[in-house]
Amino acid sequence: MSDPGKDIVAELLAQSLIAWGLDGAVQTTSDGAILLSCNGRNIRVQAAAPNLPFRWMVTVDHHARGAISLVAVLRRLRIALDPNYAANPVHVAFPRTPS
Amino acid sequence: MIGVLVLTGFLGSGKTTLLRHLLAQPQFSRTAVIINEFGEIGLDHELIETSTDHFIALTTGCLCCKLRSDLIATLEDMLRRRDEGAVPAFTRVVIETSGLADPAPILQTLMTDANLAGRLMFSGLITTVDAFNGAGTLEREAISVKQVALADRLILTKSDLAQSGAAQLGARLARLNRLAPLFTADHGCVDPNVFEIDSSNTSAKWSRELVSGQSDLDHVHDCKIQTWTIVRNEPIHAVTLSLFLEALAEHCGADMLRLKGIVHIAQSPDRPAVIHGVQHVFHPLEWLPRWPSEDRRSRIVVVGRRIPRRWIELLLTAIQMEVQEVGALTMIANA
C-alpha cells in the first residue's frame with residue numbers, strides 16, 4: 001500500500017480504538033508496518049508478502065495470522081483488544097446491479 | 001378546517017414506507033406533507049413519489065427541541081401558497097417527524113398556535129413500531145416510549161421479520177397506551193381508514209395534559225445520539241459499499257440506530273441504490289428507477305451513539321482505496 005494509503009490505515013486504526021472505547025497508541029514504522037499498543041498487548045499490522053493469499057498480516061503477541069481485507073484486520077484487532085466484543089461477522093450481499 | 005396528522009415512530013420503524021403507501025391511496029390525494037429529518041441532509045423526501053396532487057416540504061433539525069417555530073413558519077407558508085394558488089389546494093396535512101422527535105411539543109404547537117388554530121386542526125398521532133426491533137428499542141430509548149404513549153393509533157411494521165415475541169410486544173404496547181388501537185402493516189400497506197381518526201375522542205386526554213403542561217411524561221432527548229452524513233462525489237464500487245456496511249454493522253451493532261442512503265454505485269450509473277439499516281439489520285437494497293434529482297452524489301446518513309464521524313469517514317475511504325488497489329492488481333495480473 002502507498003504511503004498515503006498507509007497513513008490512512010494507521011489513522012483508521014487509531015480512530016477504531018476510539019470508536020471501541022479503548023485507550024492505546026498507534027505508530028507507523030520505517031519498514032511500512034503499523035504498530036498498536038493497547039491493553040498491554042502489542043500488535044503489528046503490515047502488508048502480506050505478495051506470494052501469500054492475504055493482503056495483510058496481523059501479528060498479536062508474536063502470533064502472525066493473515067487477513068484478506070481491512071475489514072478482516074479490524075475484526076482481528078477487536079477480538080484481540082476488546083474483551084467485551086462478541087465477534088459477529090455480518091455479510092451484506094447485494095442483488096445484481098440492474099441492467 | 002384542514003386536518004393535520006402527525007406520523008411518528010422511532011428511527012427505522014417504517015414511517016416513510018407507510019407514508020409512501022398512504023400517498024398512493026385515492027383518499028390521500030391532495031395531501032401536503034412535511035418531512036422532518038434529524039440530519040444535515042434530508043433524504044426521506046426523495047424516497048417518496050410525488051404527484052401533482054401532493055406537496056412536500058422539508059425541515060431538518062429536531063422539531064421537538066429547537067425548531068417548533070420552523071414548523072409554524074412552514075405551515076403558515078404552505079397555507080399562504082395554497083391561498084395564492086401556488087401549490088395544490090391540499091385538504092389534509094401529514095407531518096412525518098424525525099425518528100428522534102418528541103411528539104408532545106409538536107402536538108402542543110398544533111393545538112395552541114393562534115395563527116394556525118383557525119385553519120388547521122390536529123387530527124391525530126400515528127406511531128409506527130418495528131415488530132423486529134421494537135421491544136429492544138422500547139427498553140433502550142425513552143423517546144420511543146413517549147412516542148408510543150402519546151399515539152392515537154399504533155402501527156406494527158416489519159412483522160414479517162419478527163420470528164417471535166409479537167405477543168409480548170403487543171402486551172407491552174397495550175400497557176404503555178391502552179387507548180390506542182394496534183394495527184399491523186404489511187410491507188407498509190395498511191387500511192387507509194386507520195388514518196381517519198376521530199380526534200375528539202382519542203386525543204382529548206392528551207390534549208388536556210399537554211396544553212395544561214401537566215403531562216407526567218418527561219421531555220426526553222438523548223443527546224448522545226448523533227447524525228453524520230457521508231457524501232461522496234465519485235461513484236462507489238459495489239464491493240466497497242458491501243464491506244463498509246459489513247464493518248459498520250459488525251462494529252457498531254446496536255449503537256447504529258439507523259443508516260439510510262442513496263448511493264451512486266459505479267456499476268449502475270443511472271439507477272441509484274437505496275440502503276436502509278437499523279442496528280444489525282439491513283433491508284434488501286432497492287434500485288430506484290432513476291435519480292430523483294440532479295444531485296448524483298452518494299449520501300449516506302448514519303444516526304448512532306458514540307460512533308466517531310472521523311472513523312466512519314476513514315473506514316469508507318480506506319476500503320475504497322483497498323478495493324481500487326485490488327482491482328488494479330487484478331487488472332495487472334490478467335493483462
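Let's start with B:A318. B:A318 is buried, because 25 other C-beta atoms sit within 10 Å. Buried means 20 or more other C-beta atoms within 10 Å of the residue's own, exposed means 12 or fewer, and partly exposed is in between, with C-beta atoms placed from the backbone. This is a predicted model, where local features need pLDDT of at least 70, side-chain atom pairs count only at pLDDT 80 or more, and totals for chains, interfaces and linings use all residues. Residues are numbered from 1 along each chain as its sequence is written, while chains are lettered from A and ligands numbered from 1 in the order in which they are written.

Where is B:A318? It lies in helix 11 of chain B, residues 309-334. Helices (H or I, at least four residues) and strands (E, at least two) are DSSP runs, numbered from the N terminus. What does B:A318 touch, leaving aside its neighbours within four places in sequence? It is in contact with A:I8, A:V9, A:L12 and A:L70. Contact means that two C-beta atoms, placed from the backbone, lie within 7 Å. B:F244 is 74 residues from B:A318 in sequence, yet 9.6 Å away in space, C-alpha to C-alpha.

Now the contact between the chains. Chain A gives 25 residues and chain B gives 29. On the side of chain A that touches chain B, the elements giving two or more residues are helix 1 (3-19) and helix 2. Helix 1 of chain A supplies the largest share, 9 residues. That side of chain A divides into 15 nonpolar, 7 polar and 3 charged residues. Ala, Val, Leu, Ile, Met, Phe, Trp, Tyr, Cys and Pro count as nonpolar, Asp, Glu, Lys and Arg as charged, and the others, Gly among them, as polar.

Next, one helix pair. Two packed helices are described by the angle between their axes and the distance between the axes.

Which residues meet? From helix 2 of chain A come A:V71, A:L74, A:R75 and A:R78. From helix 10 of chain B come B:L243, B:E246, B:A247, B:E250 and B:H251. Together they divide into 4 nonpolar, 1 polar and 4 charged.

Look at helix 10 of chain B again. Of its 15 residues, 12 are buried, so the helix is largely enclosed by the rest of the structure. B:F244 is one of the buried residues. After helix 10 of chain B comes B:G253, with a positive phi near 50°.

Most residues other than glycine have a negative phi. A:N39 has a positive phi near 50° and is not glycine. It sits in the loop between strand 2 (34-38) and strand 3 (41-47) of chain A. A:N39 counts as partly exposed, because it has 13 C-beta neighbours inside 10 Å. B:R30 is not a glycine either, and its phi is positive, about 60°. Its loop runs between helix 1 (15-23) and strand 2 (31-37) of chain B.
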